[in-house]
Amino acid sequence: MKIVTCCLRRCFLLIAALGIALAAPSNSRAADRVRVGVPSRSALWWPLYVAQERKLYQAEGLIVETILVQAGAARAVQILTAGDLDFVAAGTISALTAYAKGSKIAMVAGLIEKSPFQMIGLPEIQSVKDLKGKAIASGALGGPPHYVASVILSSAGLNPKRDVQQYNIAGGNNRILALVQKQVQAAILPPPFSFRALEMGLKLLANPREILTDDQNDGITTTKERIEKYPERVRKFVRAIAAGVKFIAANREESVRILEKYTQDPKPVLEKSYDYLLPTMTERVNEKGVEALAKYLHDAGAINDSSLWKGFL
């Protein structure tokens, strides 16, 4: 009996060990690998950084690789549609333009609703009206900075196409440099670049949040094919982003520390960015904001049908 009991005990231990050994590969296979592209190291993608650092992706069974696409949002969307990325965090207006041109993509979550951009100018520029005949660094036609510049200029009674020269200068650092070197007299900047520029002695000329009633600055976009083939993977990713937004709202100091790791900006600048962005940070999509962007693109001649935004959501 002792021999039988001993053998049974060994069998049970062996079965238990095999069970543990077999379970590990099963869990490993269950983890979905995801590649998400971002066009810059900006505070605009804050929930993604938090989801990575706080293991919120991991909690959803995702292994996420964040890839910096330095060529900008439009290029990131192109890589998405080519199949080399699973998701893109990008300006709504860039993704919507790509959709209007035939890309089979859809926005699945928001990030920043109201525009985070600000118009920053040289100290000698007293108001937006003083920019008539001057140069502005605003980005490519159809992009969020160009949209913001057009809204601000129009509200000041200036014609965005005739009264100023708008230059496509990509990246917050490059726009600040263009300002400092006086190649332009104003620039459209998001945080933390806008607050860094103000600390350098440059001047706040306008805040588009005081002008725009509805907006959807940016969000998470993926292909419709991925939504159809991997609906649960999409839901997991969106849940992780939503958890990131919730964490940021409840944990100011830790969230600032995480952003500092990704942007390398000084803490005081990032604290100002936190206070500025938090009120408009949400994973929900403002449909009226997307509709307003579609109208702008239509009026600018970038898209033919202002109602097509409905298929984008």
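These legends describe close-up views of a predicted model. Local features need pLDDT of at least 70 and side-chain atom pairs count only at pLDDT 80 or more, while totals for chains, interfaces and linings use all residues. Residues are numbered from 1 along each chain as its sequence is written, and side-chain values use heavy atoms, with hydrogens and water left out.

**View 1. Arg233 and Asp32 form a salt bridge.** The N to O distance is 3.6 Å. A salt bridge here is a side-chain nitrogen of Lys or Arg within 4 Å of a carboxyl oxygen of Asp or Glu. Arg233 sits in helix α10 (residues 231–250) and Asp32 in strand β1 (residues 32–38). The two residues are 201 residues apart, and the pair links distant parts of the chain. Helices (H or I, at least four residues) and strands (E, at least two) are DSSP runs, numbered from the N terminus. Are Arg233 and Asp32 buried or exposed? Both are buried. Buried means under 20% relative accessible area, exposed over 50%, and partly exposed in between (1.4 Å probe, protein chains only). A search of the whole structure finds 15 salt bridges.

**View 2. Glu254 pairs with Arg54 in a salt bridge.** Their closest N and O atoms are 4.0 Å apart. Glu254 belongs to helix α11 (residues 252–263). Arg54 lies in the loop between α2 (46–53) and α3 (56–59). The sequence separation is 200 residues. Glu254 counts as partly exposed because its relative accessibility is 24%. Arg54 is also partly exposed, at 40%.

**View 3. A salt bridge joins Glu124 to Lys182.** The N to O distance is 3.7 Å. Glu124 lies in the loop between β5 (118–121) and β6 (135–137), and Lys182 in the loop between α7 (172–180) and β8 (186–189), so the pair ties together parts that are 58 residues apart in sequence. Glu124 is partly exposed, with a relative accessible area of 44%. Lys182 is exposed, at 51%.

View 4. Side chains of opposite charge can pair when their charged atoms come close.

**View 5. Helix α5 crosses helix α13.** The axes of α5 (residues 92–100) and α13 (residues 287–299) come within 10 Å and cross at roughly 65°. Axes are lines fitted to C-alpha atoms, for helices over the stretch in contact, and angles run from 0 to 180 degrees between N-to-C directions. The crossing is right-handed. That term applies if the near helix is turned clockwise from the far one by less than a right angle; anticlockwise is left-handed. Which residues of α5 and α13 meet? Thr92, Ile93, Leu96 and Thr97 in α5 meet Val290, Leu293, Ala294, Tyr296 and Leu297 in α13. Contact means heavy atoms within 4.5 Å. The contact residues divide into 7 nonpolar, 2 polar and no charged. Ala, Val, Leu, Ile, Met, Phe, Trp, Tyr, Cys and Pro count as nonpolar, Asp, Glu, Lys and Arg as charged, and the others, Gly among them, as polar.

**View 6. Five strands, β7-β6-β8-β5-β9, form an open sheet.** The pairing is mixed. Two strands pair if DSSP finds at least two bridges between them. The edge strands are β7 (165–167) and β9 (203–206), each pairing on one side only. The twist averages 30° from one strand to the next. Strands β6 and β7 run parallel and are joined by 3 bridges. Ala135 stands opposite Gln165 in β7. Helix α7 packs on this sheet, touching β5, β6 and β8. The direction of α7 makes about 160° with that of β8.

**View 7. A sheet of 5 strands has the order β2-β1-β3-β10-β4.** This sheet is open, with mixed pairing. Its edges are β2 (62–68) and β4 (105–110). Its twist averages 30° from strand to strand. β4 and β10 (residues 218–223) pair in the antiparallel sense over 5 bridges. Ala109 faces Ile220 in β10.

**View 8. Pro47 is buried in helix α2.** Its relative accessibility is 0%. Leaving aside neighbours within four places in sequence, Pro47 contacts Leu111, Ile241, Gly244, Val245, Ile248 and Met281. Pro47 and Met281 are 234 residues apart in sequence, yet 8.8 Å apart in space, C-alpha to C-alpha.
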